[in-house]
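Hello,

Here is the structure I promised to pass on to you. Have a look at it first, and then read my notes below.

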Amino acid sequence: MWRGYRFGTPVKTITRRAGDGEEGVAVDGLRAIVAGSPLSAGATQFDFNNDDHPDFVLYNAATGRTVVWYMNNNIHLASHNGPTLPSGWSMAAVADFNGDGHPDYLLYNASTHDTVIWYLVGATFLSGNHGPHVPSDWQVVAASDFDGNGSPDLVLYRPSTRKTVIWYMNKNERVGGAAGPTIVSGWSVVTTADFDEDGHPDYLLFKPSTGQSVIWYLSGVTRSSSRSGPTIPTGYVLVGAADFDGNDRPDYVLYNSSTQQTAIWYLNNNVIGAHLAGPTLPNSWSLIVP
């Protein structure tokens, strides 16, 4: 069991990281939690209210509070407070780690390099368990099932070498690992999702200096090919991907920290088909990504 912290009680109310690579740097504090199963890009990975639509998770850095915004495509339907993060901890990923059909929080402590999994039902905290200890020069940037065992695996990134590695997980236990592709300087891993529908998670990369995006298609941990995605407009950052329009293809989630505006770009693999404005976030809140 997770010990050593008292957890705040959820209240009703009302949210990226990465490395660098040739074809994507995540922005700390901006993380959009969007839904689908932890094993795919489908809507249930971040579907907190089980309505088959991805939801947003918002974070208030001043208070540590999280809030889940229940979404229907690009429309904000309702809100529910999630658990408050203890001081020194940040959100590293969201995925269903215990296989109960509900997304869970993966937390990371940058001082101790410890991880912990908070098991949720909806937006309500149930219990916690320690995850693996991360080496001091690595960071967790995503969670997806790379080995097909039904448990989300962790994607780690090392800024000094731009290397990635996959840690194979069984619930909260690390059971193995393999080297992933090296990210080119200037780019970051936004998230992982299955863009080409081959049953394998892919890397979504973003280059903030130019707004370019690229998808690296993977077979297991091996990069097989890549394609350019749409360029993100000035003022916005690419913060995540999930299937909002129900066509079984991940869509882009964009965020503008100056205006607090969000947007959803609907994709067919790497090709944009349409885009819609998403909800505007309240002041002091940010969108966080798995």
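**Around Thr66**

The side chains of Thr66 and Tyr105 make a polar contact at 3.0 Å (a pair of N or O atoms within 3.5 Å; within protein, one must be able to donate a hydrogen and the other to accept it, and residues adjacent in sequence count only if both atoms are side-chain atoms). This is a predicted model, where local features need pLDDT of at least 70, side-chain atom pairs count only at pLDDT 80 or more, and totals for chains, interfaces and linings use all residues. Residues are numbered from 1 along each chain as its sequence is written, and side-chain values use heavy atoms, with hydrogens and water left out.

Thr66 belongs to strand 2, residues 66–72 (strands are DSSP runs of E, at least two residues, numbered from the N terminus). Thr66 is buried, at 0% relative accessible area (buried means under 20%, with a 1.4 Å probe and protein chains only). Beyond four places in sequence, its contacts (heavy atoms within 4.5 Å) include Val57, Met91 and Trp285.

Four strands make an open antiparallel sheet, ordered 16-17-18-19 (two strands pair if DSSP finds at least two bridges between them). Strand 16 (237–242) and strand 19 (271–280) are at the edges with a single partner strand each, so one side of each has no neighbour in the sheet. Five bridges join strand 16 to strand 17 (residues 251–256) in the antiparallel sense, and Ala242 lies opposite Asp251 of strand 17.

Enjoy exploring!

Definitions and conventions. Buried < 20%, exposed > 50% of the residue type's maximum accessible area, 1.4 Å probe, protein only.
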